[in-house]
Structures are given as structure tokens and as C-alpha cells.
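Q: Please go through this model and tie each term to its cut-off.

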Amino acid sequence: MRVTVLGAGSWGTTVAALMCRRDHEVLLWARNPDVAAEVDEQRSNEAYLPGARLPARLRATADLERASRHAELLVVGVPTGAFREALELTRPHLAPWIPVVSLSKGLERNTHLRMTEVIKEVLPGRPAAALTGPNLAREILAGQAAASVIATEDLTVAAALQRELARGVFRVYTHHDVVGCEIGGALKNVIAIATGMAQGLGVGDNTRSAVMSRGLAELTTLAVAMGGEATTLAGLAGMGDLVATCMSPQSRNRHVGEQLGLGRSLDEILGEMRMVAEGVKTASTVVELADHHGLDMPIARTIHDVVTGRIRASEAYRGLTRAVPAGHELDPG
Ligand SMILES: NC(=O)C1=CN([C@@H]2O[C@H](COP(=O)(O)OP(=O)(O)OC[C@H]3O[C@@H](n4cnc5c(N)ncnc54)[C@H](O)[C@@H]3O)[C@@H](O)[C@H]2O)C=CC1
Ligand SMILES: O=C(CO)COP(=O)(O)O
């Protein structure tokens, strides 16, 4: 199968490398021609995956038309803010029937759409799926065991994509609950900022666990309000990803939170990061969705208030732990 991966950041490059097996011809599209040339000729991507050696079979290009024409399966790993534009530029050159898989974890800023919804809008008539779960790129590229979820409504398509994406110790499970899987992936980034912030402020493990557990309740509540299933969020796409992201020093979202907790400004933190921390923008979208559905979601609201400069991280702390509204003091699980 000819596979095209859009986005040569850490996750796009990792998934492209993972898919380089005998029966796949994988072409990675990088916006930056220098990155494409480096991947293609030197088998490395130092800006995003320092020290990693990429497979000799992996090809890369900065020519989007060539990349689009190559695809029998399109995998999209650009940040959510660039997702629609990347699909629109691809559309004129893309075969009509090919499946499209989103790797991106977030929501479209103004429309509040999930990435599979953006795929269906821009590329109608094609199967759309999301790959999500606890998948920190560097560990997976290093060959460590990990589990992931491919979510799409049609389980025949899910099973076919599972066969194409799974490799060795990278296990892929299928899931029909696309809403639950995508909301879990988007919102865990916001909760990872909260956990990182608690870390930066120097709290104890009990408190961080409380933020994560109440964060899980928030992402479950929103997913259910949007039509997802609560049980989905207890699995890899919810709790699994939340735990990996909130606990790992590799997480960019947790890093942003930790630096905010240490008293640094968001501009300063983002200014020295080349990679994306999706939770920063997702927080505002989540608050708009919470208002739309009449949900409380105090942790997401607190992160929104910090990243939009309404309050300082040190002032946010009481809000972060104020996760149970008065009069509702039982843990809803
Ligand atoms: N890195 C990871 O471990 C994982 C990341 N993800 C998700 O995958 C998505 C991509 O993340 P990463 O690869 O980590 O990001 P990254 O920051 O490492 O790389 C982003 C890539 O997208 C490119 N890009 C940015 N704006 C663009 C535009 N307007 N047009 C075309 N290309 C553009 C950048 O040049 C870069 O190559 C995010 O939504 C993230 O949440 C999901 C699972 C794991
Ligand atoms: O989604 C991820 C792990 O599953 C990556 O998290 P970060 O974007 O916070 O690094």
C-alpha cells in the first residue's frame, strides 16, 4: 500500500517510520524543504526527533501535490490549527476513495469540530478515522511497547486500518466511539497542563492525583455530553492517554504547565518551544463547549484563565483543586 503522512513533526515522522514495512511505500510530507531533504537523504529529523535513526525505506518530500497523488492511505499529523488547510491543499490531487486517518489531538478553534469531522467536511465520501491513545512519539520510535486505538464508526474499516498501522510491539485496538476517543485525546492535553502546573507549584502526589482523577471526570462529562460513551474514557483513549501525558516529562503540554507553575510567562515558554502544545488552544474551545452544554468543568476553566492571562498560575491553584462543585461532594467516578 502507498501511504502518505502529512506533517514531519515528532508524531508524523514516528508514524511514517512505523509504517515502513515491506508492503508499504511511505512518503512523508514536510512543509519545510530542509526537513524533507534531511529525512530523505540523512535518515534523521533532528529538530523533532533528535538522535533518532529513520528507516532507509522512508521517503520524504516538500511537494504536496506529489505526496497527495502518492496516497492510497492518507495519515494527517499536522497540528490541529493547520489541519483544515492541509486537507484543502491536498484535495485537488487526492484519489476519491482513500481512507484518511487523523493523528492530531485537539479541536478546531472556531467551529469546535473534531478532526474526523474536519476530514468529513473537506474530503466528503472518504472513511475518516482517528489514531489516539498513550503514544509519546520518542518511546515508540525507540521500539518500546505501546498500545493505541484506531477509532472509526465502521468496524470493517477500523479492522483494515488496524492491520495497516499495527507493527510489532505497537499494538492497535479498534474502537467505534469516535467522539469519546477524540474528546479524550483533545482534553487530556488541557489536564496535562493542569498537572504540570501543580508540579511546578510544588504540590504533593495526592494533589496531582486529585487533579488527574477530577480531570478524567471532566473529560468524561464533556465526551458524554457530545455523544460519546463514558466507558471509552476509562480505556486507552481516556485514562491511558491522560496518565501517560500527565506523568511524562516528555509531554509538551505538561512542560508548559510546569513552567507556568514555576512563574514563567506563556509567551516566554512557547517562544522557546519548536513543538506544539495543543492544550493551550484547546482550553478555550473546551470552555466554549462546556458553556454550550451547561457543564461546570473547573479544571479546564482554570487552565483557560491562566493561558489567556486572566489569572496567574499561583492564583489558579485553588481553582485547580476546586473540582467538586458545592452541594455535589460525592465522587461521581
Ligand atoms: N508527539 C507526540 O508524541 C504525539 C503527538 N500527537 C498529536 O499529533 C499532532 C502533531 O504533533 P507533533 O508531531 O508532536 O507536533 P510537532 O510540533 O512535533 O510537529 C508539527 C509538524 O507540523 C508542521 N506544521 C505546523 N504548522 C503547519 C502548517 N500550517 N502546515 C503544514 N505543516 C505544519 C511543523 O512544521 C511540524 O513538522 C498534534 O495534534 C499532537 O497533539 C499525538 C500523539 C503523540
Ligand atoms: O499525545 C501525546 C501522548 O499520547 C503527546 O503529548 P504532548 O503533546 O503533551 O507531548
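A: Start with the ligand. α1 (10–18) and α4 (80–90) each supply at least two residues of the shell around ligand 1. Helices (H or I, at least four residues) and strands (E, at least two) are DSSP runs, numbered from the N terminus. This is a predicted model: local features need pLDDT of at least 70, side-chain atom pairs count only at pLDDT 80 or more, and totals for chains, interfaces and linings use all residues. Residues are numbered from 1 along each chain as its sequence is written, and chains are lettered from A and ligands numbered from 1 in the order in which they are written.

Q: What makes a residue part of the shell around ligand 1, and which are the closest?
A: A residue is near a molecule if its C-beta atom, placed from the backbone, lies within 6 Å of it. The shell has 27 residues, and the closest are Gly9, Ala82, Ser104, Ala137 and Met275. Helix α4 gives the largest share, four residues.

Q: How do the residues of the shell around ligand 1 divide into nonpolar, polar and charged?
A: Ala, Val, Leu, Ile, Met, Phe, Trp, Tyr, Cys and Pro count as nonpolar; Asp, Glu, Lys and Arg count as charged; the others, Gly among them, count as polar. The shell has 13 nonpolar, 10 polar and four charged residues.

Q: Which domains does the shell around ligand 1 draw on?
A: Domain 1 (2–176) and domain 2 (179–321) each give at least three residues. These bounds come from an automatic or database domain assignment.

Q: Which positions does UniProt give as "binding site"?
A: The unreviewed UniProt entry places this feature at Gly7, Ala8, Gly9, Ser10, Trp11, Gly12, Ala137 and Arg252. Such annotations may be inferred rather than shown by experiment.

Q: Why is Trp11 called buried?
A: A residue is buried if 20 or more other C-beta atoms lie within 10 Å of its own, exposed if 12 or fewer, and partly exposed in between; C-beta atoms are placed from the backbone. Trp11 has 28 such atoms, so it is buried. Trp11 lies in helix α1.

Q: Why is Ala137 called buried?
A: Ala137 has 23 other C-beta atoms within 10 Å, so it is buried. Ala137 sits in helix α6 (residues 137–141).

Q: What does Trp11 touch, not counting residues up to four places away in sequence?
A: Two residues are in contact if their C-beta atoms, placed from the backbone, lie within 7 Å. Trp11 touches Gly77, Leu103 and Ala137 on that count. Ala137, with the same exclusion, touches Ser10, Trp11 and Thr14.

Q: What makes α1 mostly covered?
A: Nine of its nine residues are buried. They pack against β1 (2–6), β2 (25–29), α2 (33–42), β4 (73–76), α6 and β8.

Q: How many residues of domain 1 are in contact with domain 2?
A: The contact joins 27 residues of domain 1 to 24 residues of domain 2. On the side of domain 1, β7 (146–151) supplies the largest share, four residues.
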